[in-house]
Amino acid sequence: MIEKIQSNLVRILEDLYGDSHLNIDELKINLQENNDKKHGDLASNIALILAKPLKKNPQEIANSIKDSFITDEEITKIEVAGPGFINFFLSTKTHSEVLNEISAKKELFGKSETKNQNVLIEYVSSNPTGPLHVGHGRGAAFGSVLGALLKEAGFKVDEEYYVNDFGRQMNILAASLWLRYAQLFNESITMIENGYQGEYLISIAEKLKEDHSDKFYRNYDSIVELLKTEIQDDEIFTDSVVVAIQSALENDFNFLRDFALQAILELIKRDLLDFGVEHNFWFSESSLYDIKENKINQVDLAIEDLKSRGFVYEKENALWFKSSEFGDDKDRVLKRGNGEYTYFASDVAYHSKKYDRGYDRVINIWGSDHHGYTPRVQAAMEATNRDPEKLEIVYIQFANLLRAGKKVTMSTRSGEFITLRELMDEVTTEAARFFYINRKADQHLDFDLDLAKDQSKDNPLYYIQYAHARICSVLKKSNAQIMDLERADLTLLDTEKEIEIQKTLNQYPALIERAAKSSEPHLLCYYLKDLSGLFHSYYNSEKFIIEDKKLMASRLFLLKGVKQVLVNGLSILGIKAPEEM
RNA sequence: GCCCCGUUAGCUCAGUCGGAUAGAGCGCUGGAUUCCUAAUCCAGAGGCCAUAGGUUCAAAUCCUGUACGGGGCACCA
């Protein structure tokens with residue numbers, strides 16, 4: 001309908017003003033939906049925009065357009081109002097077309113044609129040194145819903161988890177595992193302060209003992225002595241313990257590292273799966289350091305590339321990238337004085353590969369604390385002739401948990417964090433997903449645990465699901481399946497509430513498109529709440545199982561449309577629509 | 001110091017490409033159930049859209065300054 005009016009407007013403008021200097025093709029003809037019924041269903045501001053270039057009174061232009069516009073049974077009336085708006089009034093038949101469309105397309109209503117574009121979304125990517133906690137949950141929920149939205153909007157989507165399985169933290173993890181393991185044989189051995197303190201590592205150590213008995217336990221006096229050192233809370237001390245364990249275990253150290261890594265990845269994968277999140281790629285950071293037949297690893301390759309372009313220099317034994325030449329605050333280290341690569345070096349290689357894998361869009365979902373990191377990554381892309389604009393970064397703000405109105409305190413350091421698993425157990429997976437999404441991503445989120453468990457309309461998810469259950473109940477009681485709803489007379493749907501519901505249903509495809517385009521899944525939550533609210537209001541004002549079978553059929557057909565859109569929207573959020581509650 | 005994000009009803013927050021009289025929920029006040037799920041609905045009160053300028057026919061929305069709040073600025077990951 002919008003397209004029809006637009007093309008009519010273009011034709012009229014060509015007739016009226018085609019000979020002036022106007023470039024009609026370049027005009028954006030906006031049609032907006034009106035909030036106020038007095039102004040009709042759709043409005044165009046075209047006359048206001050043309051007033052200046054045509055040097056004419058906007059109302060005069062609007063009236064000429066109005067006079068040329070031919071009304072029909074779909075567009076019943078046109079009015080010029082206010083400073084020069086052109087208002088269009090649609091017939092009830094036009095409003096109800098959406099119901100036939102939903103009935104025909106079913107779960108495909110809202111799905112766009114394929115855009116023939118590939119998108120890579122990278123998200124969660126938490127360090128594989130412990131289970132996911134509630135801070136990761138928001139990114140996980142966001143990423144998976146954005147993925148679903150993009151698929152709905154016609155993109156081919158790959159979802160990737162970047163596994164930071166390389167470097168110092170992995171060695172600390174391996175050392176922590178060995179200490180936990182050794183404790184199973186010798187209780188006097190203490191855990192180091194900067195090690196991974198969480199209980200999950202004790203379970204992994206027990207598993208290690210189960211599988212390999214005391215194979216890795218030898219009484220290393222030097223390590224025990226070292227652990228008695230006064231200064232525990234110190235990075236240098238931590239490293240010296242790691243080195244001691246590493247040199248004592250020799251090759252077994254690598255085995256322990258992989259053992260811990262695999263066990264933790266298992267935990268993470270299971271948590272994500274239960275949370276309704278499924279990545280189809282798991283990209284290992286350490287694979288970037290594998291030496292293949294060309295005898296140079298991906299990271300060195302990326303560094304060499306930068307070097308050959310003249311953007312790398314050496315200072316104080318370290319290798320620096322001239323990111324400041326591309327808008328970064330200062331230059332960044334790629335390889336440290338001690339010969340170790342920085343995390344940034346991996347990221348240069350990783351992002352270069354992402355580009356080279358041939359995606360049209362590359363989306364990173366990062367915690368908002370990483371925003372300062374963006375300029376250097378984009379600088380590396382720009383320096384190697386890759387379009388930095390292609391990399392879209394969405395920042396996710398932290399979430400606070402509220403219990404009884406008070407913030408729940410957490411500390412990652414001591415291991416006193418609430419895991420995603422605990423959150424799912426407490427409020428259900430679906431509530432957790434909904435509440436994570438129900439807020440603009442770049443804003444702080446106060447996650448109210450009590451509200452998420454509440455079973456009343458205060459809880460927006462409950463409110464939406466209840467709307468669906470109510471519709472199911474009515475359809476069931478009415479024996480809707482024995483009626484020929486497709487043939488219902490939809491012109492009977494002419495009350496204010498019925499028109500508004502149909503208009504809202506009609507907005508759904510555009511909403512999906514917009515939410516996908518701007519990476520704003522929260523819009524879907526708000527939409528579903530609105531639609532549910534309209535339904536509940538309608539439900540209370542009208543009866544559906546009534547004597548007048550024709551009216552009954554048309555109303556039930558409307559309810560079926562609402563039901564379908566609720567199902568479609570909830571399914572994008574990864575949430576079920578229960579038939580009974 | 002520099003860089004992000006924010007400031008909209010008492011509270012928590014939406015607000016599309018700049019459009020006509022600014023939206024929801026909670027809370028508050030008052031109502032609705034012999035009837036399809038009251039797990040719901042209806043009505044009312046409640047606003048200087050932080051602030052000062054600018055652009056525009058038109059600004060909560062775009063631009064600049066200021067104030068206040070949150071976050072970030074490693075040879076960490």
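Me: To which parts of RNA strand B do its atoms within 4 Å of the protein belong?
Reply: Sugar or phosphate accounts for 61% of these atoms, and the rest belong to bases. The model is predicted, so local features need pLDDT of at least 70 and side-chain atom pairs count only at pLDDT 80 or more, whereas totals for chains, interfaces and linings use all residues. Residues are numbered from 1 along each chain as its sequence is written, chains are lettered from A and ligands numbered from 1 in the order in which they are written, and side-chain values use heavy atoms, with hydrogens and water left out.

Me: How many residues surround RNA strand B, and which are the closest?
Reply: There are 62 of them, and N30, K38, R336, K457 and S473 are the closest. A residue is called near when one of its heavy atoms lies within 4 Å of the strand.

Me: Which element gives the most to the surface near RNA strand B?
Reply: That element is α17, with eight residues. Helices are DSSP runs of H or I with at least four residues, while strands are runs of E with at least two, numbered from the N terminus.

Me: How do you know whether C472 and C525 are buried or exposed?
Reply: Buried means under 20% relative accessible area, exposed over 50%, and partly exposed in between (1.4 Å probe, protein chains only). C472 has 9% and C525 has 0%, so both are buried.

Me: How many disulfides does the structure hold?
Reply: It holds zero; the term needs a pair of cysteine sulfur atoms within 2.5 Å.

Me: Why are β2 and β4 said to pair?
Reply: Pairing needs at least two bridges found by DSSP between two strands. S44 stands opposite I86 in β4.

Me: Why do β1 and β3 count as edges of the sheet?
Reply: The open sheet of four strands runs in the order β1-β2-β4-β3, with antiparallel pairing. Each of β1 and β3 (75-81) has a single partner strand, so one side of each is left without a neighbour in the sheet.
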